[in-house]
Amino acid sequence: MTQRNGWIWCAIAAVLFGAATPATKLVVDDIGAVTLAGLLYLGAAIAVAPFALREQRPTATGRQRSRLLVAVGFGGGLAPVLLVLALDRTPAGTVSLLLNLELVATAVIARVFLQEHIGRRAGLGIVIVVLGGVILAGTSEAGVAAGALLVAATCVCWGIDNAITASLDSYSPSQITLAKGVVAGSVNLVLGLFLHDAPAASFVVAALAIGALGYGVSITMWITGARLVGAARGQVIFALAPFIGALLAWPINGDRLTTTTIVAFTVSLAGVLVVATSHH
């Protein structure tokens, strides 16, 4: 497959993942945060299991297995819990825009640990994206500011996950997603049911469906694309997901459109475009 195909895979992943945030907001009040995080990733596992179980891959080394475990812990275990906690106290549109910080986290981690090249133009775009997040969080009330910190922590976890999974050659994208869903999803679900009452069946089905499309299919497509264009570059096109989520949050969740949101949206989008038009 070519780099062009890689960009296409990442773009489809962005649409699915972007829609998952306002969709999750619809059920966050009816399911405990940890339980919901577990259901989302179990849904992801269900979506990719038929593909992952029939794929044959070379035997993974101990180093590859250790890296996969780290990705599962950060990306499938901790990150979704932090995100759901943020959605519980922050408008979905705001959370969606703040998820642009995942681009920053992934790019920095890929540069420091994987030695991926980040040029001056890309660096400038990353700074602009951070500025958009600062505008959005710094001018908001305390509740939104607390949510912003939770989203930032989520993005760091997913940045670590992105950088690691893009280099796990011994596992297919669907196998990585299956591991995240089964291991992290099961642990979070058991812990969540211990902390909270079991949710109604209708909400369980909804959470599993959101996870299947927004995390299962989306993550698999992103990993496939990132392997063709690199973790940092794949994250550039995937960074459209927050804007998709923000746009959908206004009609779906009834989020109020404010001047601050518009300014942050514009600044963040400009930063993403600067990075996207930079040279590899």
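Reader: What makes the pair Asp-161 and Lys-180 a salt bridge?

Author: In this predicted model, the closest N and O atoms of Asp-161 and Lys-180 are 2.6 Å apart. A salt bridge is a side-chain nitrogen of Lys or Arg within 4 Å of a carboxyl oxygen of Asp or Glu, so the pair of Asp-161 and Lys-180 qualifies. The count of salt bridges by this rule comes to one. Because the model is predicted, local features need pLDDT of at least 70 and side-chain atom pairs count only at pLDDT 80 or more, whereas totals for chains, interfaces and linings use all residues. Residues are numbered from 1 along each chain as its sequence is written, and side-chain values use heavy atoms, with hydrogens and water left out.

Reader: Why can the pair of Asp-161 and Lys-180 be said to tie together parts of the chain?

Author: Asp-161 belongs to helix α7 and Lys-180 to helix α8, so the pair links parts that are 19 residues apart in sequence. A helix here is a DSSP run of H or I with at least four residues, numbered from the N terminus.

Reader: Why is Asp-161 called buried, and why is Lys-180?

Author: Buried means under 20% relative accessible area, exposed over 50%, and partly exposed in between, with a 1.4 Å probe and protein chains only. Asp-161 has 3% relative accessibility and therefore counts as buried. Lys-180 has 2%, so Lys-180 also counts as buried.

Reader: How do you know whether Thr-21 and Ala-45 are buried or exposed?

Author: Thr-21, in helix α1 (residues 3–25), has a relative accessibility of 4% and is therefore buried. Ala-45 lies in helix α2, and its relative accessible area of 6% makes Ala-45 buried. Ala-45 and Gly-123 are 78 residues apart in sequence and 35 Å apart in space, C-alpha to C-alpha.

Reader: What makes Val-130 and Asp-88 partly exposed?

Author: Val-130, in helix α6 (residues 120–138), has a relative accessible area of 32% and so is partly exposed. Asp-88, in the loop between α3 and α4 (92–98), has 42% and therefore counts as partly exposed. The C-alpha atoms of Val-130 and Ala-264 are separated by 9.9 Å, although the two are 134 residues apart along the chain. Asp-88 and Val-27 are 61 residues apart in sequence and 9.8 Å apart in space, C-alpha to C-alpha.

Reader: Which residues form the nonpolar patch on the surface, and what is their accessible area together?

Author: Val-70, Phe-74 and Leu-78 form the patch, with about 220 Å² of accessible area together. Patch members have over 30% relative accessible area and no salt bridge; like charges are joined within 9 Å, and nonpolar side chains (Val, Leu, Ile, Met, Phe, Trp, Tyr) within 5 Å. The areas come from the Shrake-Rupley method with a 1.4 Å probe, and for residues only the protein chains shown count as cover.

Reader: What is known of the largest cavity, and which residues lie nearest its centre?

Author: A cavity is a set of points, on a 1 Å grid over the protein atoms alone, where a 1.4 Å probe fits but cannot get out; a pocket is an open set with protein on both sides within 12 Å along at least five of seven lines, and lining residues have an atom within 4 Å of a point. The count is three cavities of 30 Å³ or more. The largest cavity holds about 140 Å³ of space. Its lining has 14 residues, of which Glu-102, Trp-158, Asn-162, Ile-219 and Phe-238 lie nearest its centre. Helix α9 gives the largest share of this lining, five residues. By class, the lining of the largest cavity has eight nonpolar, three polar and three charged residues.

Reader: Which helices each supply at least two residues of the lining of the second largest pocket?

Author: They are α2 (33–52), α8 (173–195) and α9 (201–229). The second largest pocket has a volume of about 170 Å³, and its lining includes Phe-51, Glu-55, Arg-57 and Met-221.

Key:
Points joined across faces, edges and corners; volume = space filled by probe spheres on them. Nonpolar A, V, L, I, M, F, W, Y, C, P; charged D, E, K, R; others polar.
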